[in-house]
Each structure stands twice: as structure tokens, then as C-alpha cells.
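Take them in order, with the model open beside you.

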Amino acid sequence: MIRERILVIGASGQIGVELTLALRKIYGNNNVVASDLREENELLKGTGPYVSLDVMNKEMLHVQVIRQSITQIYLLAAILSATGEKNPNLAWNLNMQGLLNVLDIAREEKIYKVYWPSSIAVFGPTSPKKNCPQQTIIEPITVYGISKYAGEFWCNYYHQRFGVDVRSIRYPGLISYKSAPGGGTTDYSVEIFHDALEEKKYTCFLQENTYLPMMYMPDAIRGTIELMEAPASKITVRHSYNLSGMSFSPKELAGEIKKHIPEFHIDYKPDYRQAIADSWPESIDDSVARRDWGWKNEFDLPGMTADMLENLGVAS
Ligand code: NAD
Ligand code: AKB
């Protein structure tokens, strides 16, 4: 049996912190090496090894993979949709070159498994709005979406051509209380909780009826690990799996928060992120992931809202 040694790249980010902690529970603290360009996240400190690493520096990455006897890589370093529109070149370079560096090293060093997330941002205005299927018209209009779609093809290519066992999920917008989101269009769904608790009001950068696919972080972490632990024979999609959790608008989320904080008030001041949100589907069809490896979400809007508020410190 292989003794797993896992490298998480981008471990100080919104997903990285929780995924690293979850992987450490399964594989043992010392077998999961957290790495990031920025400093180690407070929640990771003292829970296992941390190395400072720039995924763009292929040589440094290669040295770490060999030195740490890495068998699996989770690549989470990326620039997300909203930040990407402010600096398209930077987003394209990091999102593409970071992935190619990891895939090349995985091929050379016979890394056992690679995880790389895609996003519902691959879909564009010509994709179906409701229950957007696994395979459909895909014409993204953001640099982030273009980089994710291209990345999906690279993952499939390295699997078909070189046998790299790379697996991927198109995450919806993720909602979490442990670590802050990093520059996405769906970030309002986390900010709103903090402002509701601290200010009892929130100004949303999306319009009230903007429905988007969303997921609570515990579902996303569980789904990621379930995909990575599924037998290779079950994986029929080597581009990236659609995954669905819930779909709601800012108005609906505010209404749910008001059930716990009646004085909470929301207003709306849409900015450049509205156009990004308008180009994405409202909901996702994830029947292929359900069929292939048994995916099933647990949290809905009321369940997620109650859990967020409880964990952020409000008795409901
Ligand atoms: P994040 O921005 O919170 O975290 C990314 C981390 O990568 C940061 O800690 C950052 O310091 C690090 N990083 C940036 N450049 C780096 C470099 N050159 N070398 C090493 N580390 C570097 O992002 P996240 O929300 O945790 O997203 C992780 C992945 O999941 C990304 O690929 C993102 O596209 C994808 N995703 C996220 C969501 C979401 O809602 N959070 C939804 C869909 C897909
Ligand atoms: C973003 O809004 O950019 C991310 C995503 C859906 O990929 N949360």
C-alpha cells in the first residue's frame, strides 16, 4: 500500500485551509504539506508542515515534490473571476502556467494523483441558465472562465496522453466561515454574513434577483475527497465534473438571514461583477457526478445559513 504524502498548493486560501485540515485528519498531520505564496494561515499553524512556495517557480516546486516524497498534489493557487477581470494577463499566466507546471512534474515524478478545481465560470451567456448540463455550449466571457476551460482540456490531455490521474470539479460559489474568499463574484455570499452580524446591514454588489449556483464548504470538501478516493474505473469525466449544491439570489439569502437577525437590512449597488454573474448559469445539473461516484449534497439554503450564523457566533 502506498504511504500518501500530499502537497496542497494555495493552502492559505478559502478552500486550502479547510481542505488541508480535512486531509490531515485522514492521512495524518505530517503527511499533508501545506504550501502557499503568502504566510501560513493562522488555522493551519501547528497542525502540520508548511513550506513557502511559488507554483510559478517550476524548479522550486520540483525540488519540493522530490524532497517531500510527494505522491498526490492538490493545486488550489489561482486568480478568481473578479480579480481576474482587473488583471487578465496575471490571471491567465498563473492559472495556466501553474497548472502546466504541476501536470509536467506529476508526469515526470509519477505522482499518483492530482486534484485541480475548475469552476461554473467555464459556462457563458450561451450556456443553458437552468440545470446547466455537464456537456453543453461552453463560451466563457471572463479570463478566469477561459483559463478554467482551457485547464480542463489540459487535465484531460495529460490523462489521455501520459496517464496522469488528474481529477477535477467545477465548483459553484463556495460559502465558508473559517477562511475568507479570495476575489470572486460569489464572495457577496460570505461578506453578507459578516456584515449582518457586525453592522446589521449589507450593501450587495449584485442585483437582488441574481441567482447563482452555490455550495456550503463542508459539502465541497467532502465531495472533493470523495472524488479523489473513488476508484479510477468510476471516473468517466477527465475534464471536470459539474457539482451542484443550491441556487439562490441575494434577496433570498438576505430573507433567510433575517429569520435569525430580524433587524438585518440589505440594499443593492451592482458593480462590474454583475456582468460576470449574468454570464453564468443559475443552477447546475450534476447527474453525471451522482451516477459516477455517488455525489450527493447535504446542505440547502436554510441549513447553510443556520450553520454559518451558529459558527460565526449568533445564537438563533
Ligand atoms: P483563494 O484566492 O482563496 O486561494 C488561493 C491561494 O493561492 C491563496 O492563498 C494565494 O496566496 C495562493 N497563491 C496565489 N498565487 C500563488 C502562487 N504563485 N504560488 C502559490 N500559491 C499561490 O482561492 P480559493 O477560493 O481557495 O480557490 C481555490 C481554487 O478553487 C481555485 O482554483 C479557484 O479557481 C477554485 N474555485 C474556487 C471557488 C470558490 O468559490 N472559492 C469556486 C470555484 C472554483
Ligand atoms: C468566483 O466567483 O470567481 C468563484 C467561482 C464561482 O469560481 N467563486
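1. Let us begin with a term: buried area is the accessible area, taken with a 1.4 Å probe, that two parts lose on being put together, summed over both. By that count, domain 1 and domain 2 bury about 2500 Å² between them, and carbon and sulfur atoms carry 58% of it. Gln14, Lys129 and Tyr216 supply 31% of the area that domain 1 buries against domain 2, more than any other three residues.

2. A word on the source: this is a predicted model, in which local features need pLDDT of at least 70 and side-chain atom pairs count only at pLDDT 80 or more, while totals for chains, interfaces and linings use all residues. Residues are numbered from 1 along each chain as its sequence is written, chains are lettered from A and ligands numbered from 1 in the order in which they are written, and side-chain values use heavy atoms, with hydrogens and water left out.

3. Where do the domains run? Domain 1 covers 6–173 + 216–242, and domain 2 covers 176–214 + 246–283 + 299–312; these bounds come from an automatic or database domain assignment. Their centres, taken over C-alpha atoms, are 25 Å apart. The contact (heavy atoms within 4.5 Å) takes 29 residues from domain 1 and 30 residues from domain 2.

4. Now look across the interface for polar contacts, meaning pairs of N or O atoms within 3.5 Å; within protein, one must be able to donate a hydrogen and the other to accept it, and residues adjacent in sequence count only if both atoms are side-chain atoms. Between the two domains, 15 residue pairs are in polar contact, both at pLDDT 80 or more. On the side of domain 1 that touches domain 2, helix 3 (81–86) gives the most, with 5 residues. Helices here are DSSP runs (H or I) of at least four residues, numbered from the N terminus.

5. A salt bridge is a side-chain nitrogen of Lys or Arg within 4 Å of a carboxyl oxygen of Asp or Glu. The structure holds 14 of them, with 1 between domain 1 and domain 2. Lysine 130 and glutamate 282 form a salt bridge at 2.7 Å, N to O.

6. Finally, visit ligand 2. Residues around it (a heavy atom within 4 Å) include Leu80, Tyr144 and Trp280. The side chain of serine 81 has an N or O atom 2.5 Å from an oxygen atom of ligand 2. A polar backbone atom of threonine 185 is 2.7 Å from an oxygen atom of ligand 2, and a polar side-chain atom of threonine 186 lies 2.8 Å from a nitrogen atom of the ligand.

Note on methods
Helices (H or I, at least four residues) and strands (E, at least two) are DSSP runs, numbered from the N terminus.
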